[in-house]
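Subject: Structure handover

Hello,

Here is the structure I promised to pass on. Please open it first, then read my notes below.

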Amino acid sequence: MPFPSVLRRTVPPAVLAATATLTGGAAPSAFAQAQAATRTAMPCKPGVYYYVYKANGVNFRTGPSTNYASKGLLYKNDWGKKVASKSGWIKLQLGTKSRSGLPKNSTGWVAKKYLSDCVPMQFD
């Protein structure tokens, strides 16, 4: 039986490690570890790698406007490498298979308002 969508959220391994450190070394659950292992961690290089963060069901389009057809949908934490930009749109090459099934390395356009570039964090 599949898990409810609330339980299918993924947590990057780095976040799991930070959580364990902050909670006094308590290990994350086996379920959380398995979920984290199923997704490829997003590389972080600001201005190069972007991920969907504001909405689910964002159109992945053939061109940089709503006048272009949608190739499919992207969901929170789907990510890709920026290959071009134009007038508030970013062309991405997907870094992994999207949650909706779009293949890795597919290219398409997403409105920049739905994307965020990664922000490196340093914990000292």
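What share of the 124 residues in the protein do buried residues make up? The figure is 30%. Please keep in mind that this is a predicted model.

**Overall layout**

The protein has two helices and seven strands. Along the sequence they run α-α-β-β-β-β-β-β-β. Contacts between residues at least 6 apart in sequence were also sorted by separation: 52% of them join residues at least 24 apart. The accessible surface is about 7,900 Å². Carbon and sulfur atoms account for 56% of that surface.

**The core**

The largest nonpolar core has twelve residues. They are Tyr50, Val52, Ala55, Val58, Phe60, Leu74, Ile90, Leu92, Leu94, Leu102, Val110 and Leu115. The most come from β5, which gives three.

Leu102 is one of the core residues. Leaving out residues up to four places away in sequence, Leu102 touches Phe60, Lys71, Gly72, Leu73, Leu74, Leu94, Thr96 and Lys97.

**Strands β5 and β6**

Strand β5 covers residues 89-94. This strand pairs with β6 in the antiparallel sense, over five bridges. Within the pairing, Ile90 stands opposite Val110 in β6. Both Ile90 and Val110 belong to the largest nonpolar core. Strand β6 runs over residues 107-111 and is mostly covered. Four of its five residues are buried.

Start with Ser100, which sits in the loop between β5 and β6. At 36% relative accessibility, Ser100 is partly exposed. Its side chain reaches the backbone oxygen of Leu73 at 2.5 Å. The side chain of Ser100 also makes a polar contact with the side chain of Ser98, at 3.1 Å. Beyond residues up to four places away in sequence, Ser100 touches Leu73 and Tyr75. The C-alpha atoms of Ser100 and Leu74 are 6.5 Å apart, although the two residues are 26 apart along the chain.

Asn105 lies in the loop between β5 and β6 too. Asn105 is partly exposed, at 45% relative accessibility. Which residue does the side chain of Asn105 meet in a polar contact? The partner is Gln93, side chain to side chain, at 3.3 Å.

Is Ser106 buried or exposed? Ser106 has a relative accessible area of 16%, so it counts as buried, the cut-off being under 20%. Its side chain reaches the backbone oxygen of Pro103 at 2.7 Å. With residues up to four places away in sequence left out, Ser106 touches Phe60, Leu92, Gln93 and Leu94. Among these, Phe60, Leu92 and Leu94 are residues of the largest nonpolar core.

**Aromatic pairs**

How many aromatic pairs does a search of the whole structure find? There are two.

Tyr49 and Trp79 form an edge-to-face pair. Their centres are 6.0 Å apart, with 70° between the planes. Tyr49 lies in strand β1 and Trp79 in strand β4 (residues 79-86), so the pair ties together parts that are 30 residues apart in sequence. Tyr49 is buried, at 18% relative accessibility. Trp79 is buried as well, with a relative accessible area of 8%.

Tyr51 and Tyr53 also make an edge-to-face pair. Here the distance is 6.3 Å centre to centre, and the angle between the planes is 65°. Tyr51 is partly exposed, with a relative accessible area of 23%. Tyr53 is likewise partly exposed, at 34%.

**Where to look**

For a quick tour, go to the β5 and β6 pairing with its five bridges. Then find Ser100 and the backbone oxygen of Leu73. Finish at the Tyr49 and Trp79 pair.

Best wishes

Key:
Residues numbered from 1 in each chain as written. Predicted model: local features only at pLDDT ≥ 70, side-chain atom pairs only at ≥ 80, totals over all residues. Heavy atoms only, no water. Buried < 20%, exposed > 50% of the residue type's maximum accessible area, 1.4 Å probe, protein only. Pairing = 2+ DSSP bridges. Contact = heavy atoms within 4.5 Å. Areas by Shrake-Rupley, 256 points an atom, 1.4 Å probe, with all protein chains shown as cover. Core = buried A, V, L, I, M, F, W, Y, C linked by side-chain atoms within 4.5 Å. Phe/Tyr/Trp six-rings, centres within 6.5 Å; stacked < 30°, edge-to-face > 60°. Polar contact = N/O pair within 3.5 Å; in protein donor to acceptor, adjacent residues only side chain to side chain.
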